Amino acid sequence: GSVLDTIKSWMIFQEKIREIRPNIVILNCDLPELYGAITPMRAKLIAVEHVNYPWRNREFLGRFIRLILNIRGTKWVAVSDHLGIWPSDYCPNKVIFNPISEIDNSESRSAAPIKRLVFIGRLTFQKNPDLIIQVANSVQLPVLALGDGEDRLRLFELARELKVNFSAPGFSTYPWREISDGDLLVIPSRYEGDGLVVIEALQRNIPFILSDIPEFRRFGLPSLNYASGVDEFAEAIIAHQQSTASFQVNSGIAESILSVRKIEFIGNDWGRFIVELLDCPEK
């Protein structure tokens, strides 16, 4: 929203802090960090690092806010062991993965030919949705983009320019319900924090191909699931267009990745960290 919206929200935030009088406040992402830094409170602060490049469009402000947070003794949690704390890239106080909710069972999917490319996520520079439209142009397939963001209108313009059948209905509460046999999920991120779309796709046995970046390489997936640039994505899709099953990940590999993200494990990690912080005397 506008600057006025931000100020109004901050005032509500301050009111809630006075009302609740929390012992711990956990700050997730840029705007909560701003509120946490400039709101007087006695609570101990935890900030969560979700991505490599926070405050990307407001770097100077971000450096200032994080300086204040560090002066206030904020503890830092990273959602992945490859993340350092920006801007100095120092080690977090704790690494705690994002949890995933249990699902009844992983869906069985037919080995149908690839009929459509699907994108799930924010329509922003980081997630690089332009690439899927360019790939679709090369392989002559339609695109479904589930999500919203600042690049939405520009993506429609790019799709019209390249004559790609592009559908972007906006934010979806249950995006995985939109996936059908014959769909191939394309995850073209320029950089990532944890990569929750990858995790949830593995959990649901959904075929996918993703950008060959270090953040995704840490999953240790088969080489076919990685591609760099439009040409590599297009070549892999054309070579295996007769069967989406080529891009499904072996259940053993998937389970080894998913096992550390069970809610009870992550909840216990957070619980222990919070108890330790509450037991730690003020300096």
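This is a predicted model: local features need pLDDT of at least 70, side-chain atom pairs count only at pLDDT 80 or more; totals for chains, interfaces and linings use all residues.
Trainee: Which strands stand at the edges of the open sheet, each with a single partner strand?

Mentor: The open sheet has six strands with parallel pairing, and their order is β7-β6-β5-β8-β9-β10. A strand with a single partner has one side left without a neighbour in the sheet, so the strands to name are β7 (166–170) and β10 (226–227).

Trainee: What angle does the direction of α4 make with that of β5?

Mentor: Helix α4 packs on the sheet, where α4 touches β5, β6 (143–146), β7 and β8.

Trainee: Is α4 roughly parallel or roughly antiparallel to α5?

Mentor: The axes of helix α4, residues 130–139, and helix α5, residues 152–162, come within 10 Å and cross at roughly 15 degrees. Angles under 35 degrees count as roughly parallel, and therefore the relation of α4 to α5 is roughly parallel.

Trainee: How many nonpolar residues does the contact of α4 with α5 have?

Mentor: On the α4 side the contact is made by D130, I133, Q134 and N137, which meet R154, L155, L158, A159 and L162 in α5. By class, this contact has two polar and two charged residues, and its nonpolar residues number five.

Technical notes
Residues are numbered from 1 along each chain as its sequence is written. Side-chain values use heavy atoms; hydrogens and water are left out. Axes are lines fitted to C-alpha atoms, for helices over the stretch in contact, and angles run from 0 to 180 degrees between N-to-C directions. Helices (H or I, at least four residues) and strands (E, at least two) are DSSP runs, numbered from the N terminus. Angles under 35 degrees count as roughly parallel, over 145 as roughly antiparallel, 65 to 115 as roughly perpendicular and the rest as oblique. Contact means heavy atoms within 4.5 Å. Ala, Val, Leu, Ile, Met, Phe, Trp, Tyr, Cys and Pro count as nonpolar, Asp, Glu, Lys and Arg as charged, and the others, Gly among them, as polar. Two strands pair if DSSP finds at least two bridges between them.
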